[in-house]
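Please look through the structure below before reading on. The paragraphs after it go through the chains one by one and then through the places where they meet.

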Amino acid sequence: MMLADVLLVAAKDLRIEWRSRVTVSQVLPFALLVLVLFGFALDANRPVLDAATGGLFWVAVMFVSIVAVQRSTSIETTDGARRALLLAGVEPAAVFLGKAAAVALQLLAVEVVMVGGVIVLYDASIESIGLLVATCLVATVGIAAAGTLLGALVAGVRARETVLPILLLPVLAPVLIGATRAFDDALGTVAVDGWAWLGLLAGFGAINIVLGALAYGVLLEET
Amino acid sequence: MTHLGYLLVGWGTTLAAGAAYAISLIRRGRRLSARVPADRRRWMTADDE
Amino acid sequence: MTAIAPASNHTGSRTTRLLGAAVLLGLVALILLGFFGAPEDDEQRDAVRMIFIHVPSAIFTYVAFVTTAIGSVMWLLRRSIWWDTVAGAAAEIGLLFCGLTLFTGSVWGRPTWNTYWDWGDVRLVTTLILFLMMIGYLSVRSLGGDEGATATRAAVIGVLAAAILPIVNRSVEWWENNTLHQKSTLTDGDLENLTLFTLFVGFAVWGLFFAWSLIHRFRITWLERELRAIDLDRALDERRAERDDV
């Protein structure tokens, strides 16, 4: 039952996304733009760019995640759609998981293009594709869960566009550190054990999924 | 005394910030209590008659 | 609550006045002990005198933060306005302590580690992230709007921050293992007796100041809430009077 609801909500968000093409026409170009800007800022200094590739990639993902979460939240706030979802009898936890899954899928799609961008623009070479893919998956689940939770939290607030980054970015700090380190290993720039960092990213994701599933109903009903 | 400059900056800032915060609390408290009737300040203890 | 408020127009009471006097006395003792009583350190020389304000600030940052987390949980479990008010008050005081911890730490680090800031240090970076999360928490509290909704939002952030903090700490710990930070200034037994005693005086002063500010801050929030209720009552009365006129 629950799983069906999760898929239903995720499919709904993705269908809206697909029809409006916001991810393709705005979020994706924004992501590439950030990568290009980092390139402008650092390209004259090639060794710095090489060493910082993992970090720049994930900082760009952080920026993109803010845009994606804001987009995902606004779907629900316009026309009182989230009340309607509750009235339709969908479990709040299922709404949370569905929306988080939709955000995660969009972010992953953007990350695939960004990996290509990093290879072309920053001349990065991939040493461990398995680690790279696993890092993207685990880190993105955590980002999407934390983002969806905080997105719902600020949904009813007037200044939500400015409050969301203030709340979300510090919470994502461990993801930035962990995913960057794992990428350093996957891209072969720094000799660290990237797989060990995946455990930390998974812990972050688990905490946010559990808290989000528990708190989403309270937030939907009371704010 | 070595490092006197660093010490004065650290201690001075800490004491100044603490004092500024304390004063601001007292001021806000005075301003607000002047506007709230005494019978609505339920949280207060009656220990200073 | 049987207690009736005194006629005096302030948020003080005998308890807070006692606390305040103790803070001031303790502060005098702390300054005398800190600058003239405690001996200088073999390695740090007189820079060691910074720990008498730095370590208490750090400890009570975490005390305040834990108070906020407990208050958040109590709001979510029991919808207790009392606990929500405590959580908000503690967060504001904690932010002050947290800022002072970071500031005194970097001022102390300059002569001792030869740098204001070290990204490889676990406690430094964890504390900075905590500082940023607290800013987010307080900014949500200050947004206004429905009180219950604000309390719920703030409480969820309080719980989330408390749950994330161990992960933040662990991530920074793995990130760079070359931590500069003193591992256990308190427990390694290197400190002179008088230094340790002075440090405990610092804890006492900070603890008393925390209690003093918490009570005052709590009462301010309470008064603000009463004031809103009064304004609402008055507006309702006016509406009723208008209706009766017609």
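In chain C, 44% of the 246 residues count as buried; a residue is buried if 20 or more other C-beta atoms, placed from the backbone, lie within 10 Å of its own, exposed if 12 or fewer, and partly exposed in between. This is a predicted model, in which local features need pLDDT of at least 70 and side-chain atom pairs count only at pLDDT 80 or more, while totals for chains, interfaces and linings use all residues. Residues are numbered from 1 along each chain as its sequence is written, and chains are lettered from A and ligands numbered from 1 in the order in which they are written.

The predictor attaches confidence values to the model. It gives the complex an ipTM of 0.85 and a pTM of 0.85. For single residues there is pLDDT, the predictor's confidence in each residue, from 0 to 100. Chain C has a mean pLDDT of 84, and 87% of its residues reach 70 or more. Over residues 1-6 of chain C, pLDDT stays under 50.

Chain C has six helices and zero strands. Helices (H or I, at least four residues) and strands (E, at least two) are DSSP runs, numbered from the N terminus. Helix α2 of chain C covers residues 51-78, which is 28 residues. From its first C-alpha to its last, α2(C) reaches 39 Å, close to the 40 Å expected at 1.5 Å a residue; the expected span is 1.5 Å times one less than the number of residues. Just after α2(C) comes Arg79(C), with a positive phi of about 55 degrees.

Chain A has nine helices and zero strands. A compact globule of 223 residues would have a radius of gyration near 17 Å, and the 18 Å of chain A agrees with this. That radius is taken over C-alpha atoms, and the globule rule is 2.2 Å times the number of residues to the power 0.38. In chain A, 47% of the 223 residues count as buried.

Now consider how the chains meet. Two residues are in contact if their C-beta atoms, placed from the backbone, lie within 7 Å. Chains A and B do not touch, and their nearest C-alpha atoms are 24 Å apart. Of the two pairs of chains in contact, chains B and C share the most contacts.

The contact between chains B and C takes 38 residues from chain C and 36 residues from chain B. On the side of chain C that touches chain B, α6(C) gives the most, with 12 residues. By class, this side has 21 nonpolar, eight polar and nine charged residues. Ala, Val, Leu, Ile, Met, Phe, Trp, Tyr, Cys and Pro count as nonpolar, Asp, Glu, Lys and Arg as charged, and the others, Gly among them, as polar.

Towards chain A, 25 residues of chain C are in contact with 24 residues of chain A. Here α5(C) gives the most to the side of chain C, with 16 residues. That side has 18 nonpolar, five polar and two charged residues.

The largest nonpolar core has 135 residues, and those with the most contacts inside it include Ala60(A) and Ile157(C). A nonpolar core is a set of buried Ala, Val, Leu, Ile, Met, Phe, Trp, Tyr and Cys residues joined through C-beta atoms within 7 Å. Beyond its neighbours within four places in sequence, Ala60(A) is in contact with Ala31(A), Val34(A), Leu35(A) and Met114(A).
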